[in-house]
Amino acid sequence: MARENLSAFEAVNRYFGEAAEILDLDDDMRAILTTTYREISVQVPVRLDDGGLVVAQGYRVQHNGARGPYKGGIRYHPSANLDEVRGLASLMTWKTALVDIPFGGAKGGIAIDPSTLSQHELERMTRRFMNGIAHVVGIYRDIPAPDMNTNAQTMAWMMDAFSAREGYSPAIVTGKPLAVGGAPGRESATGRGVIDVLEAHAARSGFSLDGLRVAIQGFGNVGSWAAVEAARRGCHVVAVSDQWGGVRRESGLDVQRVVDAVRGGGKVSEVEGAHDDITNEELLAGECDVLIPAALDEQLHSENADAVQARVVVEAANYPTTPGGDKVLGDNGIVVVPDVLANAGGVIGSYFEWAQNIQQFQWKEARFNEELADKLHVAYAATASYAEAHGCTLRQAAFAIGIDRVATASRLRGYV
Ligand code: NAD
């Protein structure tokens, strides 16, 4: 994927450039912050159950670690590539700084379609990948987490592979199952956080969540929890989708029914009950108040953004809007709550899990959720105030706050 002749890294650096202008950042610092610190591209051979062999390519990119250990998810997707991972790693740097947690930014991935692999094959691939990157990760060096097509089980295998080399190390990855050091609240944290941020935006903008019509693209970890949380707080979730298509109901879908269908291994479109079947393009262009892309990169772009009818787009996915799409949305008066703010609940939750692992202490879920909302509300308020003060977009404000903090730490540590 590379729309508008921009790779993901070039696109994120374009957003970086807009904020760097506001900050009047010097050229040396721009050069440091628009390149990555370390990139690993590693061969991942996978022995198949039938005796065959697939050789996949795996990546880990560490973008900037001035504020703490590198942090970011691992995705398994056929389109994963080094440049996309670079772009997503740099987004993590701005995100961790914006929400003020002591991490830098990283990302990883394996270019493979995991739906073609059995559980045993997935396990072998995950362990092999961890062994390939083990020399550059560590509990105070780089801490992976789940992302697209990876989950708590994937993290348990990664933790075990690393612990076999270094001794018991639950803090090496976050998003683990509860039984091996996971934190109550982490699984739902990204989706719940998306709605925490929406709630903060609604309160500041003078509207209520009650009866708000929400459409969500993607019904995996992030999309499904966002749907559950939105419905719980009074929104009408009018449309949801996954990679096979979606469903729509004007009076609001029965979200729990969709969750049950999908978590049982089904597709969104297989849910029972009254609804219309829709395509993903129809979901993005459908009537609603709030559109939440929670699937892939580059879903809103210069060719389809004009069709968006929502008043607000809340970016639950990473890099769901290209610079061209962002401009169209802005010109049409649609507010975009950017990914680095909207989905930061995931990495904040990971920070809580990591801190609990280091301390060998477990919080109650209520404390986890309360501290999560608190951090997101503070970050939203700072971003909205910055945008008002500088007459800029929420994305430009969020990047500017994050970049300023990372530049300060990079300068103090002598990176430039
Ligand atoms: P996931 O693998 O659990 O779910 C992905 C969902 O997107 C699935 O429902 C899938 O069917 C759907 N999808 C895939 N291709 C699609 C297409 N072409 N059209 C429509 N839907 C499609 O992944 P996830 O962890 O929920 O991640 C989703 C997004 O959120 C990614 O951009 C990821 O980087 C971001 N994110 C995830 C986390 C996290 O904690 N998991 C944290 C922050 C951001």
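Leaving aside neighbours within four places in sequence, L372 is in contact (heavy atoms within 4.5 Å) with A189, R192, G193, D196, G345, I348, G349 and F352. The model is a predicted one, in which local features need pLDDT of at least 70 and side-chain atom pairs count only at pLDDT 80 or more, while totals for chains, interfaces and linings use all residues. Residues are numbered from 1 along each chain as its sequence is written, and side-chain values use heavy atoms, with hydrogens and water left out.

L372 is placed in helix α13; helices here are DSSP runs (H or I, at least four residues), numbered from the N terminus. With a relative accessibility of 0%, L372 counts as buried. The term buried stands for under 20% relative accessible area, exposed for over 50%, and partly exposed for values in between, computed with a 1.4 Å probe on protein chains only. One of the contacts of L372 is G193. These two residues are 179 residues apart along the chain, yet their C-alpha atoms are separated by 7.1 Å.

The chain is divided into domain 1 (37–170) and domain 2 (189–342), with bounds that come from an automatic or database domain assignment. The centres of the two domains, taken over C-alpha atoms, are separated by 27 Å. Eleven residues from domain 1 and eight residues from domain 2 take part in the contact. The size of an interface is often given as the accessible area lost when the parts come together. Between domain 1 and domain 2, about 780 Å² is buried, and 59% of this area is on carbon and sulfur atoms. Buried area is the accessible area (1.4 Å probe) that two parts lose on being put together, summed over both. On the side of domain 1, L91, K95 and L98 supply 49% of the area buried against domain 2, more than any other three residues.

Across the interface of domain 1 and domain 2, one salt bridge is found, a salt bridge being a side-chain nitrogen of Lys or Arg within 4 Å of a carboxyl oxygen of Asp or Glu. Two residue pairs across the interface are in polar contact, both at pLDDT 80 or more. A polar contact is a pair of N or O atoms within 3.5 Å; within protein, one must be able to donate a hydrogen and the other to accept it, and residues adjacent in sequence count only if both atoms are side-chain atoms. Helix α3 (residues 82–98) gives six residues to the side of domain 1 that touches domain 2, the largest share. By type, the residues of that side divide into five nonpolar, one polar and five charged. In this grouping Ala, Val, Leu, Ile, Met, Phe, Trp, Tyr, Cys and Pro count as nonpolar, Asp, Glu, Lys and Arg as charged, and the others, Gly among them, as polar.

S90 also has its place in helix α3. S90 is buried, with a relative accessible area of 0%, and touches F9, V12 and H63 when residues up to four places away in sequence are not counted. Another buried residue, T126, also has a relative accessible area of 0% and is found in helix α4 (residues 119–133). A polar atom of the T126 side chain lies 2.7 Å from the backbone oxygen of L122. Beyond four places in sequence, T126 is in contact with Y76, T154, W157 and M158.

In the whole structure, 29 salt bridges are found. R192 and E229 form a salt bridge with an N to O distance of 3.8 Å. R192 lies in helix α6 (residues 186–205) and E229 in helix α7 (residues 221–232), so the pair ties together parts that are 37 residues apart in sequence. Both partners are buried, R192 at 16% relative accessibility and E229 at 4%.

A salt bridge also joins E388 and R204, whose closest N and O atoms are 3.3 Å apart. E388 lies in helix α13 (residues 365–390) and R204 in helix α6, so this pair ties together parts that are 184 residues apart in sequence. E388 is exposed at 59% relative accessibility, whereas R204 is partly exposed at 37%.

D331 and K327 meet in a salt bridge of 2.7 Å, N to O. Both residues lie in helix α10 (residues 323–331), four residues apart, about one turn of the helix. D331 is exposed at 56% relative accessibility, and K327 is exposed at 52%. Salt bridges that share partners join R192, D196, E199, E229, R232 and R233 into one network.

Note on methods. Helix = DSSP H or I, 4+ residues; strand = E, 2+ residues; numbered from the N terminus.
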